[in-house]
Amino acid sequence: MGENGDVLMKSSQQIGSNKEYKVVIFDPLVEAAIDDLCVEIFEGEYECDYSNIDSFSKSKSPNKIRRIVYSDGTSQIIKPTLLSPDIFIKELTKFDGIEKIIYNADGTFFVRYYGNSYIITPSFNVKNKTVEQEVDPSISYNENGTIQYNIAIEVDVDDTRRTTRSSESYEVLTFDSSVEETDSDSCIEISDGEYYCDDDSE
């Protein structure tokens, strides 16, 4: 678990040497067992479709969320975020025009860029590629309007973390996050250093 609440998870579903990663942030509320709107997509992980429920459909929140179910039957919502948000923010501030960046409690990022405000929303999909040496973190803007964030992690071999930088001991994780313009007045400070951004313009 990272210092900013980001949790790197490796799925038990694996084909050959290909691992499936996701980086999430946990909702602090632990709830009762899931309902009939949730479908198990991996062992212990469910995706829930609330698109037909008024309280969800009236908001701009994603219609589908994911939950982790514990052995006692309780569950907890997880939302996608980026690995090492502090590094992402550091890399993003290198771009000209960046005026403000806020890491939100739901795993998204509020950014003010040349006077306009945006919400960067990560997804559950994380690509990974094995490399021979550690590479520096980087951010690029894709033609489809998403932001690509690359960061390397050290690979565990036989459940023992390598302490030397040998061949193929790193993986680069690639995150593609959506970017949407939002009302500049939509972010309010709810506690010291923690902001909530509501992009519902209706």
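Predicted model: local features only at pLDDT ≥ 70, side-chain atom pairs only at ≥ 80, totals over all residues.
Local features are taken where pLDDT is at least 70 and side-chain atom pairs only at pLDDT 80 or more, while totals for chains, interfaces and linings use all residues. Residues are numbered from 1 along each chain as its sequence is written, and side-chain values use heavy atoms, leaving out hydrogens and water.

**View 1. Glu 91 pairs up with Lys 94.**
Their side chains meet in a salt bridge at 3.0 Å, N to O (a side-chain nitrogen of Lys or Arg within 4 Å of a carboxyl oxygen of Asp or Glu). The structure has 2 salt bridges. Glu 91 is buried at 12% relative accessible area, whereas Lys 94 is exposed at 57% (buried is under 20%, exposed over 50%, partly exposed in between, with a 1.4 Å probe and protein chains only).

**View 2. Asp 176 meets Lys 127.**
This salt bridge spans 3.9 Å, N to O. Asp 176 sits in strand β15 (residues 170-182) and Lys 127 in strand β10 (residues 126-131), so the pair ties together parts 49 residues apart in sequence. Strands are DSSP runs (E, at least two residues), numbered from the N terminus. Asp 176 is partly exposed at 26%, and Lys 127 is exposed at 55%.

**View 3. Thr 174 and its neighbours.**
Thr 174 also belongs to strand β15 and is buried, at 13% relative accessible area. Its side chain makes a polar contact with that of Asn 150 at 2.6 Å (N or O atoms within 3.5 Å, one able to donate a hydrogen and the other to accept it; residues adjacent in sequence count only if both atoms are side-chain atoms). Leaving aside residues up to four places away in sequence, Thr 174 touches residues including Lys 127, Gln 148 and Tyr 149 (contact means heavy atoms within 4.5 Å).

Conventions. Helix = DSSP H or I, 4+ residues; strand = E, 2+ residues; numbered from the N terminus.
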